[in-house]
Amino acid sequence: QRQMCIRDRCNTLLESKPVVVNLEGFDADDAQRIMDFISGCIYAINGKYHQISKYVFIFTPEQVDISGDTLDQVKEQSDTMPTINREF
């Protein structure tokens, strides 16, 4: 079921629409797999991502610009792949 949800998110990106991903509550390994899959999609479409909080990300296709008061304080990240910080 989660795989279908991840594919749906990537299909949305392929339709030139932004996607919000909330990984709160996911196991760190599962969350990282999700990030890896979506990062591959972002890379393929030359998209970008914004990390909103520790577990919440906005992914955008190349032609979509996201802005707002909160996002002005968040560094846009496009040259690195997102990772989930694992707490030991």
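This section describes the fold, strand pairing, core and selected residues of a predicted model.

The protein chain contains 3 helices and 4 strands, arranged along the sequence in the pattern α-β-α-β-β-α-β. Of its 88 residues, 31% are buried. Among contacts in the chain with a separation of 6 or more, 66% are made by residues 24 or more positions apart.

Strand β1 comprises residues 19-22, and its side chains alternate between two faces. Strand β1 runs antiparallel to strand β3, residues 56-60, and the two are joined by 4 bridges. The C-alpha atoms of valine 56 and asparagine 22 are 4.4 Å apart, although 34 residues separate the two in sequence. Valine 56, which belongs to strand β3, has a relative accessibility of 18% and therefore counts as buried, the limit for this class being under 20%. With residues up to four places away in sequence left out, valine 56 touches Val20, Val21, Asn22, His50 and Gln51.

The largest nonpolar core has 15 residues, of which Leu13, Val21, Leu23, Ile38, Phe57 and Phe59 touch the most other members. Two or more residues of this core come from each of α1 (2-14), β1, α2 and β3. Helix α2 gives the most, with 6 residues. In soluble globular proteins, nonpolar side chains tend to be buried together.

Aromatic residues were examined next. A search of the whole structure finds 3 aromatic pairs. One of them is formed by tyrosine 49 and phenylalanine 59, with 6.1 Å from centre to centre and 35° between the planes, a tilted arrangement. The pair links distant parts of the chain, as tyrosine 49 lies in strand β2 (residues 48-51) and phenylalanine 59 in strand β3, 10 residues apart. Tyrosine 49 and phenylalanine 59 are both buried. Together with Phe57, they form one aromatic cluster.

Helix α2 spans residues 28-44. Its 17 residues reach 24 Å from the first C-alpha to the last, close to the 24 Å expected at 1.5 Å a residue. At the N-terminal end, aspartate 27 caps the helix: a side-chain oxygen of this residue lies 3.1 Å from the backbone nitrogen of aspartate 29. The buried residues of α2 are Ala31, Gln32, Ile34, Met35, Ile38, Ser39, Cys41 and Ile42. An α-helix has 3.6 residues a turn, so residues three or four places apart point the same way. The C-alpha atom of tyrosine 43 lies 9.5 Å from that of proline 61, and the two residues are 18 residues apart along the chain.

Serine 16, in the loop between α1 and β1, has a positive phi near 65° despite being a residue other than glycine. With a relative accessibility of 32%, serine 16 counts as partly exposed. Asparagine 46 occupies the loop between α2 and β2, just after α2. Although asparagine 46 is not a glycine, its phi is positive, at about 60°. The relative accessibility of asparagine 46 is 48%, so this residue likewise counts as partly exposed.

Definitions and conventions: Residues numbered from 1 in each chain as written. Predicted model: local features only at pLDDT ≥ 70, side-chain atom pairs only at ≥ 80, totals over all residues. Heavy atoms only, no water. Buried < 20%, exposed > 50% of the residue type's maximum accessible area, 1.4 Å probe, protein only. Pairing = 2+ DSSP bridges. Phe/Tyr/Trp six-rings, centres within 6.5 Å; stacked < 30°, edge-to-face > 60°. Core = buried A, V, L, I, M, F, W, Y, C linked by side-chain atoms within 4.5 Å. Expected span 1.5 Å × (residues − 1). Polar contact = N/O pair within 3.5 Å; in protein donor to acceptor, adjacent residues only side chain to side chain. Contact = heavy atoms within 4.5 Å.
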